[in-house]
Amino acid sequence: MARRKKYDKSVYRSLALITQFGINMLVPIFLCSFLGIWLDKKLGTSWIMIVLFFIGALAGFRNCFLMAKRIYGDKDGDGTDR
């Protein structure tokens, strides 16, 4: 019987990173959308949810960009970007 090769820690780190990107993208979208729905019901409007959805999407993209920049931007490992 052949022994299976154990997964490297990098596989688990990659899965955690993918999950973190998803959470960083979805949380602002959902929070802004629910806030927009609530405000639309309170104020009797029908357009605030759409505006806040796009604001949440922009915030999510920004979160993902900053996280990727922090992870891949520091090539030297000394904390400074060059």
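**From a serine to the helix packing**

Ser33 has its place in helix α1, and in this predicted model the residue counts as buried because its relative accessibility is 8%, where buried means under 20%. When neighbours within four places in sequence are left aside, Ser33 is in contact with Met49 and Phe53.

Helix α2 spans residues 48-73, a run of 26 residues that reaches 36 Å from the first C-alpha to the last, close to the 38 Å expected at 1.5 Å a residue. Which residues of α2 are buried? They are Ile48, Leu52, Gly56, Ala57, Gly60, Cys64 and Met67, and these buried residues pack against α1, which covers 9-43. An α-helix has 3.6 residues a turn, so residues three or four places apart point the same way.

A disulfide is a covalent bond between the sulfur atoms of two cysteines, and a search of the whole structure finds zero disulfides.

Turning to the surface, Tyr12 lies in helix α1 and belongs to a nonpolar patch that Tyr12 forms with Val11, Leu15 and Ile18. Together, the four residues Val11, Tyr12, Leu15 and Ile18 have about 410 Å² of accessible area.

Methods. Residues numbered from 1 in each chain as written. Predicted model: local features only at pLDDT ≥ 70, side-chain atom pairs only at ≥ 80, totals over all residues. Heavy atoms only, no water. Helix = DSSP H or I, 4+ residues; strand = E, 2+ residues; numbered from the N terminus. Expected span 1.5 Å × (residues − 1). Buried < 20%, exposed > 50% of the residue type's maximum accessible area, 1.4 Å probe, protein only. Contact = heavy atoms within 4.5 Å. Disulfide = S-S within 2.5 Å. Patch = residues over 30% accessible without salt bridge, like charges linked within 9 Å, V, L, I, M, F, W, Y side chains within 5 Å. Areas by Shrake-Rupley, 256 points an atom, 1.4 Å probe, with all protein chains shown as cover. Salt bridge = Lys/Arg side-chain N within 4 Å of Asp/Glu carboxyl O.
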